[in-house]
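Student: Please take a close look at one helix pair in this model and at the loop that joins it. I would like a single connected account.

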Amino acid sequence: FAAKRSVKDEPSLEVLETLLADEMRLAVEAEMRMDYRKACLHLAKRVIADANDANWWYDLGVVTCRSGDDTKAEECFHKALALDAKHVNSNLGLGALMCKRDNYREAEKFFRQASDGTFDVMAWSCCVVFFDLESKEQERKACMKQLAQSEKKTGATKKSAYLRAGALFVELYATQLVERSMTQEFMRNPGGDLGSDTYETWEKT
């Protein structure tokens, strides 16, 4: 029979936290080398150690997107939502993945879930881009107003919805949404400072 493990055999919380921090560091280093497969392996070790953290599942999902495996990325985002149905970034991640598959009905569901009852400026920015893509102008303007209120409520820096959302879509390799974000940015702010746009300037166009 195998020897029974004692409590002393279990790693202490401090040791575990150090190991997890090391895996995160190694994952970041692998990402910087664009070795996304290796980054996924290191992040996977974190969720194996603690599968109850929605943020860790989201982190793994993002890097899995970059590795080109959207199916596994979708699984990671769903794992995160199983732990926290209100997890904003995982809803946004699934919305972006659905757009990549041209499944806009499902995409809308996830974008709406991401922004429901929240002042999260990234959620509202992504909704602006999505409804712009869908040519739903009334919904786009409503999201712009919610974004302005959220920036005021949270004290977030006022920034173009298209630039803010575009940065996330780049991380998720959501090419169509990135292109839409950049196209609308240049159309609505021709020749301007791309970092200084605000809600008020968008609504003048």
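Tutor: The crossing of helix 5 and helix 6 is left-handed. This is a predicted model, and what follows is computed from it. Two packed helices are described by the angle between their axes and the distance between the axes. Here helix 5 covers residues 88-100 and helix 6 covers residues 104-115; the angle between them is about 165°, and their axes lie 8 Å apart. Helix 5 is therefore roughly antiparallel to helix 6, because an angle over 145 degrees counts as roughly antiparallel.

On the side of helix 5, the contact is made by V88, N91, L92, L94, G95, A96, M98 and C99. Helix 6 contributes Y104, E106, A107, F110, F111, Q113 and A114. Sorted by type, the residues of this contact comprise 11 nonpolar, 3 polar and 1 charged.

The loop between helix 5 and helix 6 contains D102. The phi of D102 is near 60°, a positive value in a residue other than glycine. D102 counts as exposed because its relative accessibility is 52%, and the cut-off for exposed is over 50%.

Y173 is found between helix 9 (161-171) and helix 10 (175-188). With a relative accessibility of 35%, Y173 counts as partly exposed.

Note on methods:
Residues are numbered from 1 along each chain as its sequence is written. This is a predicted model: local features need pLDDT of at least 70, side-chain atom pairs count only at pLDDT 80 or more; totals for chains, interfaces and linings use all residues. Side-chain values use heavy atoms; hydrogens and water are left out. Axes are lines fitted to C-alpha atoms, for helices over the stretch in contact, and angles run from 0 to 180 degrees between N-to-C directions. Helices (H or I, at least four residues) and strands (E, at least two) are DSSP runs, numbered from the N terminus. Angles under 35 degrees count as roughly parallel, over 145 as roughly antiparallel, 65 to 115 as roughly perpendicular and the rest as oblique. A crossing is left-handed if the near helix is turned anticlockwise from the far one by less than a right angle, and right-handed if clockwise. Contact means heavy atoms within 4.5 Å. Ala, Val, Leu, Ile, Met, Phe, Trp, Tyr, Cys and Pro count as nonpolar, Asp, Glu, Lys and Arg as charged, and the others, Gly among them, as polar. Buried means under 20% relative accessible area, exposed over 50%, partly exposed in between (1.4 Å probe, protein chains only).
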